[in-house]
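Hi there,

Here is the structure I promised to pass on to you. Have a look at it first, and then read my notes below.

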Amino acid sequence: MTKIKAALFGTGFMGRVHTEAVRRLGNVEVVAIAGSSDARAKAFADETGIPRSTGNWEQLLEDKSIDAVHILTPNHLHFPMAKAALEAGKHVICEKPLATSVVEGEALVALAAKTGLANCTFHNIRAYPQVQNMKAIVEAGDLGEIWAVQGTYSQDWLLYDTDWNWRIEEGPSRTFADIGTHWCDLAEFVTGQRISALCADLNTFHKTRKKPMGSVETFSGKTLSPDQYTEVAIETEDFASMIFRMGNGGRGSMTASQISAGRKNRLALEIFGSKGGLMWNGEQPDELWIGKRNEPNQLVVKDPSLLRGGAGKFADLPGGHSEGYDDTFKQTVRRFYQTVADRGAKIEYPVFTDGVRQLKIIDAVLKSSTSHGWVEV
Ligand SMILES: NC(=O)c1ccc[n+]([C@@H]2O[C@H](COP(=O)([O-])OP(=O)(O)OC[C@H]3O[C@@H](n4cnc5c(N)ncnc54)[C@H](O)[C@@H]3O)[C@@H](O)[C@H]2O)c1
């Protein structure tokens, strides 16, 4: 069998996770990696056994044998990389957020439509079996009319002013764009409803931070000494909160935080309707709480045979065998490459238009936080 050939751009946290996810598929091989320098790319390639490496991603786009590209770099590079990759005829997976503005995102959607190439904005949270289960339960009408949608996405890795990452200097939004968009994509995906208007409040608790002299990759900046820093002013937010209106009258609230001590990566979503409720938390992804008024509540443990609708197809292991974060990458790239192999196959992953949707929400959040008022999305 001829394998589909993929190149990855970025050698950090996502570079590693996507490499492993692609290798779990069988019909796709990682043939090349691009990093921020030849040396970084080579070190990654040597460690992971990728045959080709380069510090110049544009070189890989000239290679006609490469079918698809994964963009796993800081956000400001998503637009130029995705644009150039589509122009070079490559199918594109782009990490979220798709771009740094709605204008850029819409240009990518137009280019993807013109070229007819497969495109994905990597909102992988959709691919948890219990997330698919929630969606099937909502679609079956078990919750009745959706009234309240609420939740949090909380992390603590940027709690101290000595914590540093490229995200801190990349605006216009940081915490909301980085993790708030995952939450909003999830809430809209599961409920099938859209956030129609919102009122947001962003805050930067650390007005200055101590920036390391050297580069620091994601989640790895905890061990530097004081003489290795320089003090810089910070404009991106540490914390975002918003209330919103949804669909035909539903109401909601959410917070996104990178300064919540003890919360490592807690994405929690609660949905309450006229007949029942649901709660799911990404730190215990195999469990789904089903809330009832006149019967005992249920705690459903992931078991493909007990998941509703098509959710069982997002679980590869039998009940009681945990499936987590890594597995959502496998499930998403598997479906992406099914559509690369068969351009008529059903699209079961988030595409560039879903990425633009989140860019519009970011835009509204920024406008609302500045004007202290409600903004239509
Ligand atoms: N879907 C998810 O769950 C998820 C999780 C984390 C990050 N992300 C997204 O993935 C992207 C990368 O985040 P990360 O956490 O892996 O960051 P990271 O800092 O760990 O890795 C980024 C990598 O990009 C490399 N890079 C920088 N400039 C480059 C260039 N010109 N050419 C090639 N490589 C270059 C850096 O050297 C680094 O290795 C971001 O857009 C982020 O929002 C998504």
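**What I found**

Let's start with a pair of helices: α1 passes α8 in a right-handed crossing (a crossing is right-handed if the near helix is turned clockwise from the far one by less than a right angle, and left-handed if anticlockwise). On the α1 side the contact is made by Val-17, His-18, Glu-20, Ala-21 and Val-22, and on the α8 side by Asp-326, Phe-329, Lys-330 and Val-333; residues are in contact if their C-beta atoms, placed from the backbone, lie within 7 Å. By class, that makes five nonpolar, one polar and three charged residues (Ala, Val, Leu, Ile, Met, Phe, Trp, Tyr, Cys and Pro count as nonpolar, Asp, Glu, Lys and Arg as charged, and the others, Gly among them, as polar).

Before going on, please note that this is a predicted model, where local features need pLDDT of at least 70 and side-chain atom pairs count only at pLDDT 80 or more, while totals for chains, interfaces and linings use all residues. Residues are numbered from 1 along each chain as its sequence is written.

Helices (H or I, at least four residues) and strands (E, at least two) are DSSP runs, numbered from the N terminus. Helix α1 covers residues 13-23 and helix α8 residues 325-341; their axes come within 8 Å and cross at roughly 55°. Axes are lines fitted to C-alpha atoms, for helices over the stretch in contact, and angles run from 0 to 180 degrees between N-to-C directions. α1 and α8 are therefore oblique to each other (under 35 degrees is roughly parallel, over 145 roughly antiparallel, 65 to 115 roughly perpendicular and the rest oblique).

How do α4 and α5 pack? Helix α4 (residues 78-87) and helix α5 (residues 102-115) make an angle of about 15°, with their axes 10 Å apart, so they are roughly parallel to each other. Their crossing is left-handed.

Now for the sheet. Nine strands form an open sheet with mixed pairing, in the order β16-β15-β14-β13-β7-β12-β11-β8-β17; two strands pair if DSSP finds at least two bridges between them. At the edges are β16 (298-301) and β17 (375-376), each pairing on one side only. Strands β14 (residues 277-281) and β15 (residues 287-291) run antiparallel, joined by three bridges, and Leu-278 stands opposite Ile-290 in β15. Helix α6 (residues 129-139) lies across β13 (266-273), β14 and β15, at about 165° to β14.

Enjoy exploring!

Definitions and conventions: Contact = placed C-beta atoms within 7 Å.
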